[in-house]
Amino acid sequence: MSKQQQMDKVQAMVNEIEYTMLTTRTHEDHLHSCPMNTTETSIGAKEIWFIGHSPSETVNNIKKNPQVNLAYVSQDDKQYLSITGKAELVEDKDKLDELWSMAYNAYFEQGKEDPKVQLIKVVPQGAEYWANGNAIASAVKMTAAAVTDNAIEKSLGDNFSIEL
């Protein structure tokens, strides 16, 4: 698979999955994850956008250490994507106008004018993708491998890593 095909696969998967788990590091260097709604993505432009709350543990963690991880899982639990990147806290009214939807009014009392609204941009640095393929075929292969003591990891599905 070419690098462009890999980037297209990452882009398509992020577009198809509404929520991701955004993982940050706390000031004690522990991992902290929270679900986030991906509002816009352009892997080619190196931008993944979220609307979050400030103050929040996530925003405070990004201020101290901008390195983050995004974990995506498809609805059928057959595709997995992990994206590493650097988060930025952005103040940009035009971008907020572009990304805002009425659904966010449920989270912010004053709508997009709420001072708690915080744009978060993740600049992706790399991604790893896994796909299981057919669950029944995988189960048969794993059973056969367990009986014969042969590793089958290469035949269980697709996997690639890509630098962005």
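Tutor: Strand S3 and strand S6 (residues 117–131) pair in the antiparallel sense over six bridges. This is a predicted model, in which local features need pLDDT of at least 70, side-chain atom pairs count only at pLDDT 80 or more, and totals for chains, interfaces and linings use all residues. Residues are numbered from 1 along each chain as its sequence is written, and side-chain values use heavy atoms, with hydrogens and water left out.

Student: What makes S3 and S6 a pair?

Tutor: Two strands (E runs in DSSP of at least two residues, numbered from the N terminus) pair if DSSP finds at least two bridges between them. S3 and S6 have six bridges, and in S6 the bridge partner of Ile48 is Val122.

Student: With how many bridges does strand S2 (residues 31–42) pair with S3?

Tutor: S2 and S3 pair over four bridges, in the antiparallel sense. Ser42 has Glu47 in S3 as its bridge partner. Four residues lie between the strands of this hairpin, where Lys46 takes a positive phi near 60°.

Student: Why is S3 called largely enclosed?

Tutor: Buried means under 20% relative accessible area, exposed over 50%, and partly exposed in between (1.4 Å probe, protein chains only). Five of the seven residues of S3 (residues 47–53) are buried, so the rest of the structure largely encloses S3.

Student: Which residues of helix H2 (residues 57–64) are buried, and how do you know that they share a side?

Tutor: The buried residues of H2 (a DSSP run of H or I, at least four residues) are Thr58, Val59, Asn61 and Ile62. They cover an arc of only 160° around the axis, and therefore lie on the same side of H2; the arc is that of the directions from the helix axis to the C-beta atoms. Lys63 and Lys64, on the other side of H2, are exposed.
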